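Subject: Structure for you to look at

Hello,

Here is the structure I said I would hand over. Please open it alongside this message, and read the notes below with it in view.

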Amino acid sequence: MKWYGSNIENRGKGLPRSILMFILNDADTGAPLAVMSANLLSAYRTGAVPGVGARHLARKESRVVGILGPGVMAKTSLSAFMATCPHIDTVKVKGRGQQNIDTFLAWLKQTYPQVTTVTVVDTDEEVVRGSDIATFCASVATGDPSKYPTVKRDWVSPGTFLSMPAPCNIDEGMEAPEIRKVLDFTGLYETYQQENPKPVHNLIPAVGVRFFDLVDEGRIARGQLEDLGRIAAGDAPGRRNDDEIIILSVGGMAVEDVAWGTRVYRNALANGIGVSLRLWDEPALR
């Protein structure tokens, strides 16, 4: 299991917003096999899904990336974009605090020296406008979707790929059927709709949840919503032309952290990495 602790106020305590653990048990006996930090597991899985999206939905010649929120999600998302779109040479970034921006810029300079143009911008519009790939990676409080970072249709150029692994809203123009709306896993959002009071976007800020709320309100057709897994499997089309605007909702699935964490555990065993913990010499009260 992925054990998820998160509090947006953690930043004021010098802690990450999310403090995560991965716990693996033997499926037959239930005995514990591993306990490890899951922050890196979660971070790279979060970025990997936008990378799959970029592979199938971004223009291969994409050069300009706009980033809202220069934190962990931004670093792993950009890493995935760089792996799938090798022509990227320009990054625009907007952040809340200078320290976060400076940390991100230092990491970017060291990790991707081929990015020759880096600009700090002041508005969400500047993040999106003129970008081949735009991503919102900022953590915000939930409860009021009007305060979530919002994509406005007038900002978006033809051919833009929008990757949204963090809170996001859209304006009425982005509801149009010609804007392709892709979900990382449709079943996740269907379950959100079944288990939570409406509108669900008040509680779960992923833009894909907003898509389903719009379906419930009769404002968009259910058939507008596409599934990234089907696209990656070749059962549905990826990008069809250079002018399509495509927005991907990344809700995140902890089962992927568990699957990857299990691989990490097996690699650690094979390479003699880690610390073996002796839980008992003999079980007490047996």
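**Salt bridges**

A search of the whole structure finds 15 salt bridges, a salt bridge being a side-chain nitrogen of Lys or Arg within 4 Å of a carboxyl oxygen of Asp or Glu. Before the details, note that this is a predicted model, in which local features need pLDDT of at least 70, side-chain atom pairs count only at pLDDT 80 or more, and totals for chains, interfaces and linings use all residues. Residues are numbered from 1 along each chain as its sequence is written, and side-chain values use heavy atoms, with hydrogens and water left out.

One of the salt bridges is between R129 and E125, where the closest N and O atoms are 2.9 Å apart. R129 has a relative accessible area of 41%, so it counts as partly exposed, and E125 is partly exposed as well, at 31%. The cut-offs are these: buried means under 20% relative accessible area, exposed means over 50%, and partly exposed is in between, with a 1.4 Å probe and protein chains only.

R240 and E244 also form a salt bridge, at 2.8 Å from N to O. Here R240 is exposed because its relative accessibility is 53%, whereas E244 is buried, with 9%.

E217 and R210 make another salt bridge, with 3.4 Å from N to O. E217 is partly exposed at 40%, and R210 counts as buried at 15%. Which residues are linked with these two in a network of salt bridges? The network consists of E175, R210, E217 and R219.

Strand 3 covers residues 32–37 and includes V35. Helices (H or I, at least four residues) and strands (E, at least two) are DSSP runs, numbered from the N terminus. P32 is in strand 3 too, and P32 is partly exposed, with 43% relative accessibility. P32 and W260 are 228 residues apart in sequence, and their C-alpha atoms are 17 Å apart in space.

V35 is exposed because its relative accessible area is 57%. With M1, W3 and M21, V35 makes a nonpolar surface patch of about 430 Å². Patches are made of residues with over 30% relative accessible area and no salt bridge; like charges are joined within 9 Å, and nonpolar side chains (Val, Leu, Ile, Met, Phe, Trp, Tyr) within 5 Å. Accessible areas come from the Shrake-Rupley method with a 1.4 Å probe, and for residues only the protein chains shown count as cover.

The second largest pocket holds about 510 Å³ of space. Its lining has 17 residues, and those nearest its centre are L33, A34, V275, S276 and L277. Strand 3 and helix 8 (254–271) are the elements that give two or more residues to this lining. Which element gives the most to the lining of the second largest pocket? Strand 3 does, with 5 residues. By class, the lining has 13 nonpolar, 3 polar and 1 charged residues.

A pocket is found on a 1 Å grid over the protein atoms alone, as an open set of points with protein on both sides within 12 Å along at least five of seven lines; lining residues have an atom within 4 Å of a point.

**Two other places**

V91 lies in strand 5 (residues 90–94). Is V91 buried or exposed? V91 is buried, because its relative accessible area is 0%. The C-alpha atoms of V91 and L78 are separated by 9.3 Å, and the two residues are 13 apart along the chain.

Lastly, K198 and P199 are joined by a cis peptide bond, with omega about -10°. Most peptide bonds are trans. P199 sits in the loop between helix 5 (186–195) and helix 6 (207–216).

Regards

Definitions and conventions. On a 1 Å grid over the protein atoms alone, a cavity is a set of points where a 1.4 Å probe fits but cannot get out, and a pocket is an open set with protein on both sides within 12 Å along at least five of seven lines; lining residues have an atom within 4 Å of a point. Grid points are joined across faces, edges and corners, and a volume is the space filled by probe spheres set on the points. Ala, Val, Leu, Ile, Met, Phe, Trp, Tyr, Cys and Pro count as nonpolar, Asp, Glu, Lys and Arg as charged, and the others, Gly among them, as polar.
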